[in-house]
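Subject: Predicted model for your review

Dear colleague,

Please find the structure below, followed by a short account of what was found in it.

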Amino acid sequence: TDPSVEPLSTTIVSHSTPFDRSRHSRHFSVVDLVLYDKMTTEIMAHIIYQMGFVFSLVVLLSVVVRGAFISSVPPELFGDEIDVGYQAISLLHTGRDIYGQILPTYIHSLAEWRAPLLMYATVPTIAIFGNSELGVRLPEVVFGSLAPLLLFFLCYQTTKSRSLSLITALLLAIAPWHILY
């Protein structure tokens, strides 16, 4: 170990003092990591407060682009959407997937094994809107509309640049591959 670097466990870190990783290369205590996580959370909350209007516009743009023609573009459900619909209907009516597993943690679809989040999220919309394009696609619109915000935070966390993070979020909000697929 480097004798010039003092371990954080012997250093007092105040809540008002920013955590400086460069001074403390590899020596982290649990308390230090909790304080760093708390400061990161406070920084993100401050960014949300400052940029709330911009975030609202990004989400609104994302919802409009994805939801405006939810029942007509593309004109019919494709294979993966049909699979999600079948699984959701089966989960809604029987509590089992189409192969008979009770509330599976992974779902064997028509072609592959899948994580079940989308299928479980589709169950309420199928129950409300029926077995239709709207019932199957609405959860995808919700998740797809929130993805630009998640990308903003990921980009900001890695680059600390608000402008770059905002540009990436806007690009994802209008990216055709993210909207249609």
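**The largest pocket**

The largest pocket has a volume of about 560 Å³. A pocket here is an open set of points on a 1 Å grid over the protein atoms alone where a 1.4 Å probe fits, with protein on both sides within 12 Å along at least five of seven lines; lining residues have an atom within 4 Å of a point. Grid points are joined across faces, edges and corners, and the volume is the space filled by probe spheres set on them.

This is a predicted model, in which local features need pLDDT of at least 70 and side-chain atom pairs pLDDT 80 or more, while totals for chains, interfaces and linings use all residues. Residues are numbered from 1 along each chain, and side-chain values use heavy atoms, without hydrogens and water.

The lining comprises 23 residues, with Glu140, His178, Ile179, Leu180 and Tyr181 nearest the centre of the pocket. Helix H5 gives the largest share, 5 residues (helices are DSSP runs of H or I, at least four residues, numbered from the N terminus).

**Helix H6**

The buried residues of H6 (under 20% relative accessible area) are Ser165, Ala169, Leu172 and Ala173. Seen down the helix axis, they fall within an arc of 105°, so they line one face of H6; the arc is that of the directions from the axis to the C-beta atoms.

**Val64**

Val64 lies in helix H2. The C-alpha atoms of Val64 and Ser145 are 8.9 Å apart, although 81 residues separate the two along the chain.

With kind regards

Key
Helix = DSSP H or I, 4+ residues; strand = E, 2+ residues; numbered from the N terminus. Buried < 20%, exposed > 50% of the residue type's maximum accessible area, 1.4 Å probe, protein only.
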